[in-house]
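Here is a structure to read with its sequence.

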Amino acid sequence: MIPGGGYFFVSVANEGVDVARRFTKLGYTVYVLVYRLPGEGWADRADVPLQDARRAMRLMKSRAAADGFDAGRIGVLGFSARGHLAASLATDDSADVPVDAIDRLSARPQAVGLIYPVITMGEKTNGTSRTLLLGRDPSAELVERRSAERHVDASTPPLFLFHSVDDTTVPVENSQMMFDAMRTARRPVEMHLVQEGGHGYGIGFAGTPSAMWPDLFDAWLSRQP
């Protein structure tokens, strides 16, 4: 699980620990990723969070036998700006410089869940997330490279999307763009749009449409090969 936070902080509680507890009860082995932030002074700021996500995927695969799960059935769940990170993990297959044998494992997940995700770095993005990830005046090439909807292809894993139509932080068009890209590539995809909920609700508020997504995601995962 990759908690959100607008590429400014890591929302470990409501989009990490709370969600992990819910899915652990459903029988999943859950890891919550705490990652470097692009504004902390790292070189290649636009790549640092993705490097950490890739390393995490490879570490999980290397630990599968010891931790008692199938290395071929690892999914990633990302929220808000880290929905963008999860989408990048699913669509960006560029090579990292290996530092050990673990880095030679594939970093691709087998399934991806995106909850009110940032997808594009173009016009319909969340401006704060874009600035924090790419800097104040990114090149057109960098915007293209970090717009996940532009890189969906036949190798993109199955995708689940959940978004509130009234979300004023991340426009619902982000999920719609990713859905359309998956459909164009003829890849498995499921999208749920709810009328209300806003943004940043984590596991969801009881008795509201926002609380539907965990069960929907669990049911969707159970149908994946």
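Q: What makes a space a pocket, and what volume has the second largest pocket?
A: A pocket is an open set of grid points with protein on both sides within 12 Å along at least five of seven lines. In this predicted model, the second largest pocket has a volume of about 180 Å³.

Q: Which residues lie nearest the centre of the second largest pocket, and how many line it?
A: The lining has 18 residues, and Gly4, Gly5, Gly6, Phe9 and Ser80 lie nearest the centre. Helices α1 (13–25) and α4 (127–134) are the elements that give two or more residues to this lining. Helix α4 gives the most, with three residues.

Q: What makes the lining of the second largest pocket nonpolar, polar or charged by count?
A: Gly counts as polar. The lining divides into six nonpolar, 11 polar and one charged residues.

Q: How do you know which residues belong to the lining of the largest pocket, and how many are there?
A: A lining residue has an atom within 4 Å of a point of the pocket. For the largest pocket, 35 residues form the lining, with Thr29, Arg73, Ile74, Gly75 and Val76 nearest its centre. The volume of this pocket is about 830 Å³.

Q: Which elements give two or more residues to the lining of the largest pocket?
A: They are α2, β1 (75–79) and α7 (213–222). Helix α2 gives the most, with eight residues. By class, the lining of the largest pocket holds 23 nonpolar, seven polar and five charged residues.

Q: Why is a space called a cavity, and how many of 30 Å³ or more are found in the whole structure?
A: A space is called a cavity because a 1.4 Å probe fits there but cannot get out. The search finds two cavities of 30 Å³ or more.

Q: What lines the largest cavity?
A: Its lining is made of Tyr7, Ala46, Pro49, Leu50, His84, Leu85, Ser88, Leu133 and Arg146, around about 40 Å³ of space. Six residues of the lining are nonpolar, two polar and one charged.

Q: What lines the second largest cavity, and what is its volume?
A: Ser88, Thr91, Asp92, Arg145, Arg146, Ser147, Ala148 and His151 line the second largest cavity, which has a volume of about 40 Å³. Its lining divides into one nonpolar, four polar and three charged residues.

Q: What makes the crossing of α2 and α3 left-handed or right-handed?
A: A crossing is right-handed if the near helix is turned clockwise from the far one by less than a right angle. Helix α2 passes α3 in a right-handed crossing. Helix α2 (residues 48–67) and helix α3 (residues 81–91) pack at about 65 degrees, with axes 10 Å apart.

Q: Which residues make the contact of α2 with α3?
A: Contact means heavy atoms within 4.5 Å. From α2 come Pro49, Leu50, Ala53, Arg54 and Met57, and from α3 come Leu85, Ser88 and Leu89. This contact has six nonpolar, one polar and one charged residues.

Q: How do you know whether the radius of gyration agrees with that of a compact globule?
A: A compact globule of 225 residues would have a radius of gyration near 17 Å; the protein has 16 Å, so the value agrees. Along the principal axes, the C-alpha atoms fill a box of roughly 45 × 45 × 35 Å.

Key
Residues numbered from 1 in each chain as written. Predicted model: local features only at pLDDT ≥ 70, side-chain atom pairs only at ≥ 80, totals over all residues. Heavy atoms only, no water. Axes fitted to C-alpha atoms, helices over the stretch in contact; angles between N-to-C directions. Helix = DSSP H or I, 4+ residues; strand = E, 2+ residues; numbered from the N terminus. 1 Å grid on protein atoms, 1.4 Å probe; cavity = no way out; pocket = protein on both sides within 12 Å on 5 of 7 lines; lining within 4 Å. Points joined across faces, edges and corners; volume = space filled by probe spheres on them. Rg over C-alpha atoms; globule rule 2.2 N^0.38 Å.
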